[in-house]
Amino acid sequence: MPGGIGGPSAHGAERFADAFGRKLGGGALGSVPVVLGLLAIWLIFQILNPHFLSPRNLSNLSVDIVGTGMIAVGVIFVLLIGEIDLAVGSVSGLASALFAVLNVNYGMPEPPAIVLAALCGTAVGFVHGFFTTVVGVPAFVVTLAGLLGWYGLMLAIMGAYGTINLDDQGLVAKLTNFYFSDVAAAYALAALGTAGYFLTAWRDGTRRRAAGVPSRSPVEIALRTGLLAVIAFATAYVLNQFQGLPLALLVFLVILVILDYVLRRTTYGRMIFALGGGVEAARRAGVNVVWVRTSAFMMSSTMAAIGGLFLASRINSVSQTSVSTDLLMNAIAAAVIGGTSLFGGRGSTWSALLGVLVIQSIASGVALMDIQTAVQFMITGGVLLLAVVVDSLSRRAQRAHGRA
């Protein structure tokens, strides 16, 4: 009966459950393990310290993730083509140092100084890409040399200045200290994001069904949209309990959406994934391998430069110690923990958001409990190892089912 227990909605739910079971058996659960792990981390720290899930701490967390998250987004482009970029930490420090010297010491207005800092990252990425794709030096070696060389250049640019304090009322400073205090801003963003996801998913499902290819059922789309709405509006509510929507979080989400569109819905994005599946196969399919691989390194270094500006904004200064020893590892770990494969060809920009949330949640919880930093490194290392193990087992399951 259409309206009864055995109606269309029940059949849709059954199909959704069957599809979930097939994904579980075939190693294609995507971000589900990461989300469950994040919830477990939050639950544990909340039990240990009731202030962990307070509006103040969660709002601070939403800003703290942005700098490293920006860098992780760029790293994802390189990981997708099956390469690695070890220089992103040094590039972020180089860009922030260049901005500080140009703006503070030489009086250049902030907008052109920001543009030049970002273009510095782009140029560095081109150098990495040239030596990797044209000269043929392994990316590991090229970017390891970059890690040392660009850090040295940052020290040279800083010279005898030591530490340069930024204008606390300037544009860069406001990247992380400005909040939209009107409660409507956070709720509007939640509504816009939810509606955008639903419309995109529904349109894609309709097109795929019309083409006769597998697609998400309307029930699955509705469930996903409902879950996203709960998360989005709950986040908006929590943020409004403190200072409102942070500008840094808004910028981060906008960049994630734009780059997700680039990767999933443009020819360039399809070429990135094709390279991750195999260089020779991509070349035979007509992909300009040299240009695409070089552009991936350019994207990585550009995002590292932007991330460096957000990190400088967070502490409102740039110093010779701006390149922390764990920044590189956290950026790469965020991408991998979030679900981007170290083997190339699988991942998304949203991996950066999930991964950096995990890493920064651990850091925040450890700080609240006044535990030694050593414990934070050990926990993060364990989570990273677990993520790689899950990735390896997932690929093995996909090969067993003929999908890898």
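Two aromatic rings, from Phe, Tyr or Trp, count as a pair if their centres lie within 6.5 Å. Planes over 60 degrees apart make the pair edge-to-face. The model you are looking at is predicted.

**Stop 1: aromatic pairs**

How many aromatic pairs does the structure hold? There are six. Select F130 and F131. Their ring centres are 5.5 Å apart and their planes meet at 85°, so this pair is edge-to-face. Now show the surface. F130 is partly exposed, at 35% relative accessible area. F131 is partly exposed too, at 37%.

Next, select F178 and F180. Here the ring centres lie 5.2 Å apart. The planes stand at 90°, so this pair is edge-to-face as well. F178 has a relative accessible area of 36%, which makes it partly exposed. F180 is also partly exposed, with 28%.

**Stop 2: an arginine over a ring**

Select W202 and R209. What lies over the face of W202? It is R209, at 6.0 Å from the ring centre.

**Stop 3: the second largest pocket**

Rolling a probe the size of a water molecule over the atoms shows where empty space is left. The second largest pocket holds about 470 Å³ of space. Its lining has 25 residues. Select D64, T68, L311, S324 and L327, the lining residues closest to the pocket centre.

Now colour the helices around this pocket. Helix 3 (55–80) and helix 4 (88–105) each give at least two residues to the lining. So do helix 13 (289–315), helix 14 (327–337) and helix 15 (350–368). Which helix gives the largest share? Helix 13 does, with six residues.

Colour the lining by residue type. You will find 14 polar residues, eight nonpolar ones and three charged ones.

**Stop 4: the whole protein**

Zoom out and switch to cartoon view. The protein has 16 helices and four strands. Its radius of gyration is 22 Å, close to the 22 Å that the globule rule gives for 404 residues, so the protein is as compact as a globular protein of that length. Turn the model along its principal axes. The C-alpha atoms fill a box of roughly 80 × 55 × 40 Å.

Last, colour by accessible area. What percentage of the 404 residues is buried? Buried residues make up 45%.

Notes. Residues numbered from 1 in each chain as written. Predicted model: local features only at pLDDT ≥ 70, side-chain atom pairs only at ≥ 80, totals over all residues. Heavy atoms only, no water. 1 Å grid on protein atoms, 1.4 Å probe; cavity = no way out; pocket = protein on both sides within 12 Å on 5 of 7 lines; lining within 4 Å. Points joined across faces, edges and corners; volume = space filled by probe spheres on them. Nonpolar A, V, L, I, M, F, W, Y, C, P; charged D, E, K, R; others polar. Phe/Tyr/Trp six-rings, centres within 6.5 Å; stacked < 30°, edge-to-face > 60°. Buried < 20%, exposed > 50% of the residue type's maximum accessible area, 1.4 Å probe, protein only. Lys NZ or Arg CZ within 6 Å of the ring centre and 35° of its normal. Rg over C-alpha atoms; globule rule 2.2 N^0.38 Å.
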